[in-house]
Amino acid sequence: MGKKACKWYQACPIKFFVDNNKLDRKWVEDYCLIGNKKCIRYQMEENGEFHPDNMLPNGEIKIDLI
């Protein structure tokens, strides 16, 4: 891998959901912990765009998270 965690990782709701067993750990492994800039949440945050807490890194809205 060789990459570092996303700069938003500690504040990201995805981390919270994984830590609280509401989402599978694959989300942080595939996006957050390798600095995956394909994360839609990351892209929107960088552009100052609103995105809901229950939006997954692939852009899917997961209704049952909130």
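Author: The account below begins with the aromatic pairs and then turns to the core, the loops and the pocket. This is a predicted model, in which local features need pLDDT of at least 70 and side-chain atom pairs count only at pLDDT 80 or more, while totals for chains, interfaces and linings use all residues. Residues are numbered from 1 along each chain as its sequence is written, and side-chain values use heavy atoms, with hydrogens and water left out.

A pair of aromatic rings is described by the distance of the centres and the angle of the planes. Rings of Phe, Tyr and Trp (its six-membered ring) pair if their centres lie within 6.5 Å; planes under 30 degrees apart count as stacked, over 60 as edge-to-face and the rest as tilted. By this rule the model has 2 aromatic pairs. F16 and F17 make an edge-to-face pair, with 5.7 Å centre to centre and 65 degrees between the planes. W27 and Y31 make a stacked pair, at 6.0 Å centre to centre and with 20 degrees between the planes.

F16 is partly exposed because its relative accessible area is 47%, whereas F17, at 5%, counts as buried.

Y31 is found in the loop between α2 and α3; helices (H or I, at least four residues) and strands (E, at least two) are DSSP runs, numbered from the N terminus. Contact means heavy atoms within 4.5 Å. Leaving aside residues up to four places away in sequence, Y31 touches N36, K38, C39, P57 and N58.

L23 touches I14, F17, V18, L56, K62 and L65, not counting residues up to four places away in sequence.

N21 lies in the loop between α1 and α2. N21 counts as exposed because its relative accessibility is 71%, and its phi is near 55 degrees, a positive value in a residue other than glycine. D30, in helix α2, counts as partly exposed at 40%.

The largest pocket is lined by 16 residues, of which W8, C12, P13, R41 and H51 lie nearest its centre. On a 1 Å grid over the protein atoms alone, a pocket is an open set of points where a 1.4 Å probe fits, with protein on both sides within 12 Å along at least five of seven lines, and lining residues have an atom within 4 Å of a point. Both α1 and α3 (40-46) give two or more residues to this lining, and α3 gives the most, with 3 residues.

Key:
Buried means under 20% relative accessible area, exposed over 50%, partly exposed in between (1.4 Å probe, protein chains only).
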